[in-house]
Amino acid sequence: MHGTRSIIRWLLLAGLLGGAGCRDRSAAAPPPPAGAAARQATAPVARTWVPRPIAASPDPAPRARGDSSAADSTGSGAVPLVARSHFVLSPADSAKWPVRGPVPLAGAILPRFRVVAYYGNPLSKRMGVLGGLPSQEMLAKLERTAKEWAEADTSRQVLPALHLIATVAQGKPGAGGKHRLRMSDSLIERVAGWAEQRGWLLFVDIQIGHSTVAAELEPLIPYLQRPYVHLALDPEFAMTRGGVPGRRIGTLDATDVNVAIRRLSDLVSKEKLPPKVLVVHRFTRGMLTGTDRIRLDPRVQVVIDMDGFGAPWHKEYAYRRYISPFPVQYAGFKLFYRNDRPMMTPKRVLELYPAPLYIQYQ
């Protein structure tokens, strides 16, 4: 699941690789957007957005809560290790959770809600479920999926989210030699509108290629000024050590993550916004270095999201190896409709420790 060969195979399916390895790249990759390099400095900011979470159906005879619900994620106190049928964590790693981070500020998403997100890009059916289905069908499916999570853990409401790849890594260098393609304002606005009118969240995801986090973050600031828009970084396509995106797995360091945290923190203070969520993908040790140097700030809530596909036991092993031993703040978990065999149920995912508060479907 986590080897370079598996990643390249997935990228070929997604249509992200350029060159001889991808026969259908021109058909699968998003076309260059008009005016992407000249974004407006001031996009309209939604100040009156109100989240509309999804809760479990009323139950006249409430079920007893399991230990995988709220207590292990809120930061209110450690939870004893419980041996589960699928997942057993060492006592040393169990003791690292919950992370003793900043107390959540008013309006913070985590740990009050669990976020369930659909990932992808409307210009490609191969990059994830967000573009893999017609928009209305996708949105209805996401609402049903969020309801399943609310039913699986009745202690926590669920906020649906759209996770848009807003900067897409490219196999070819392009005019600027950065191996990345910024999506157009019209595309981002379209997806933002879907989220805003429903009271859902939007994550804008950055695959920097040969660029930098700072450079790719700046054009997205007009959207991040909106209270429902949050950020994600994908180290897999961050070629900070050279190479072509997709030919090998990239990497980001805590220094890069801290750049995003500082910029988002400043934005929250300046615009008087609720705290931002920052999702960082990970499925190998080397994808994210120096996690102990990530500097937490109450204005930004950091989620390390276990990416990667495979059988349930393989995904659980990766979570135990790359997420549990390296606590930052909150944990996330990714599920693949096409590549997981079989795809884990909410109940099984909730047996992980710590129970992930950010769930992403590709």
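T167 stands opposite I206 of strand 4 in this predicted model. Because the model is predicted, local features need pLDDT of at least 70 and side-chain atom pairs count only at pLDDT 80 or more, whereas totals for chains, interfaces and linings use all residues. Residues are numbered from 1 along each chain as its sequence is written, and side-chain values use heavy atoms, with hydrogens and water left out. Strands (E, at least two residues) and helices (H or I, at least four) are DSSP runs, numbered from the N terminus.

Strand 4 pairs with strand 2 in the parallel sense, over 6 bridges. Pairing requires that DSSP finds at least two bridges between two strands. Strand 5 (residues 229–233) also runs parallel to strand 4, and 5 bridges join them. Here D205 stands opposite A232 of strand 5.

Strand 4 is largely enclosed by the rest of the structure, because 6 of its 6 residues are buried. Buried denotes under 20% relative accessible area, exposed over 50%, and partly exposed the range in between (1.4 Å probe, protein chains only). In a regular strand the side chains alternate between the two faces of the sheet. Both faces of strand 4 are covered. L201, F203 and D205 are buried on one side, and L202, V204 and I206 on the other.

The largest nonpolar core holds 98 residues. Such a core is a set of buried Ala, Val, Leu, Ile, Met, Phe, Trp, Tyr and Cys residues joined through side-chain atoms within 4.5 Å. W149, L162, L202, L224, L231, L278 and F333 touch the most other members. Strand 2 (residues 157–169) gives the most to this core, with 8 residues. Beyond its neighbours within four places in sequence, L231 is in contact (heavy atoms within 4.5 Å) with residues including F203, V204 and I206. Its other partners include L224, L264 and L278.

A search of the whole structure finds 7 aromatic pairs. Rings of Phe, Tyr and Trp (its six-membered ring) pair if their centres lie within 6.5 Å; planes under 30 degrees apart count as stacked, over 60 as edge-to-face and the rest as tilted. The rings of F203 and Y358 are edge-to-face, because their planes lie at 70° with the centres 5.4 Å apart. This pair links distant parts of the chain, 155 residues apart: F203 in strand 4 (residues 201–206) and Y358 in strand 11 (residues 358–361). F203 is buried at 0% relative accessibility, and Y358 is buried at 1%.

F309 and F336 also form an edge-to-face pair, with centres 5.5 Å apart and planes at 70°. F309 lies in the loop between strand 9 (300–306) and helix 10 (312–322), and F336 in the loop between strand 10 (330–335) and helix 11 (346–349), so the pair ties together parts 27 residues apart in sequence. F309 and F336 are buried. Y118, Y337 and Y361 form one aromatic cluster.

Charged side chains also sit over rings. The criterion is NZ of Lys or CZ of Arg within 6 Å of the ring centre and within 35 degrees of the ring normal. K334 places its charged end over the ring of Y119, 3.9 Å from the centre. R282 lies over the face of F326, at 5.2 Å from the ring centre.

Overall, the protein chain has 11 helices and 11 strands. Of its 362 residues, 57% count as buried. Among contacts between residues at least 6 apart in sequence, 78% join residues at least 24 apart.
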